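Here is a briefing on one protein model.

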Amino acid sequence: DVKLSWSPLVRIDRIRIANASWSPELSLLTLPRLVFRLDLRELLRGRVVLPTVELVEPVLRLETSEQGQPNWTFGSDRPAQDSPTHLAVPRIGEVHLREGRVTYRDYASHKEIAATLAEVHATTMDAEQRLQVKGVGQRASTPLQFSVSSGTLQDLSANRPSPLQVQLITPPWQVDINGTMAQPLQLQGVAADMSLTRV
């Protein structure tokens, strides 16, 4: 569904991204509704700019196989800049998420973590598009609040080392992480200082 203007509002319903072939779960991501605005003036200049993006009730399943393979990496391990089909990352202003669910399951250790996200707000700061994310939700019956600050969208999409700052508050504890991540797409190679305090 598209409402035409110089900044058209686009709505796409019932999105599903298939899971890795080794997973018993069919979907990596299900998204009942995606809504975004597209800046047509910037598109005519050859730039894809999305001023706002809204995700409604997404369900994300992150998994690691018994061999340690994550289900959230796609294609080859070749750096993105070497790929002849590499596309520029769209410029995104703000992302809003409502009533989401995230689970992580490690099939080697049989451990699982699940959380609900009542509201998440992400912005890309300044011309470099540095990413900042803030959200609230709960894990089991415990409320949680978090903020994440990382490098640019270009570095993240190209899987280049990125700075990482995380604050997680789940009473009575607060966790602060400050460091770098060598492989953002695999969520691997974290070198950071971590502190744990009571709140």
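Strands (E, at least two residues) and helices (H or I, at least four residues) are DSSP runs, numbered from the N terminus. Two strands pair if DSSP finds at least two bridges between them. This is a predicted model, in which local features need pLDDT of at least 70 and side-chain atom pairs count only at pLDDT 80 or more, while totals for chains, interfaces and linings use all residues. Residues are numbered from 1 along each chain as its sequence is written, and side-chain values use heavy atoms, with hydrogens and water left out.

**Confidence**

- pLDDT is the predictor's confidence in each residue, from 0 to 100.
- The protein has a mean pLDDT of 88. Of its residues, 90% reach 70 or more.
- Residues 76-86 stay under 50 in pLDDT. For this stretch the model has seven contacts beyond four places in sequence. A contact means heavy atoms within 4.5 Å.

- Strand β11 covers residues 173-183, and strand β12 covers residues 188-198. The two run antiparallel and are joined by 10 bridges.
- Isoleucine 177 faces methionine 194 of β12 across the pair.
- Four residues separate β11 from β12 in the hairpin. Leucine 187 sits in the turn and has a positive phi of about 55°.

- Most residues other than glycine have a negative phi, and most peptide bonds are trans.
- Proline 171 and proline 172 are joined by a cis peptide bond, with omega about 10°. Proline 172 belongs to the loop between β10 (162-170) and β11.
- Glutamate 57 is not a glycine, yet its phi is positive, at about 55°. Its place is the loop between β4 (49-56) and β5 (59-64). Glutamate 57 is partly exposed at 43% relative accessibility. Here buried means under 20% relative accessible area, exposed means over 50%, and partly exposed lies in between (1.4 Å probe, protein chains only).
- Alanine 140 also has a positive phi, near 55°. This residue lies in the loop between β8 (130-139) and β9 (142-152). Alanine 140 is exposed, with a relative accessible area of 64%.

**Salt bridges**

- Side chains of opposite charge can pair when their charged atoms come close. A salt bridge is a side-chain nitrogen of Lys or Arg within 4 Å of a carboxyl oxygen of Asp or Glu.
- The structure has eight salt bridges.
- Arginine 45 pairs with glutamate 42 in one of them, at 3.4 Å from N to O. Arginine 45 is exposed, with a relative accessible area of 53%, whereas glutamate 42 is buried, at 18%.
- Arginine 105 and glutamate 112 form another salt bridge, with their closest N and O atoms 3.2 Å apart. Arginine 105 is partly exposed, with a relative accessible area of 25%. Glutamate 112 is partly exposed, at 48%.
- Aspartate 155 and arginine 160 also form a salt bridge, and their closest N and O atoms are 2.7 Å apart. Aspartate 155 counts as partly exposed at 22% relative accessibility. Arginine 160 counts as partly exposed at 32%.
- A network of salt bridges links Arg11, Asp13 and Arg33.
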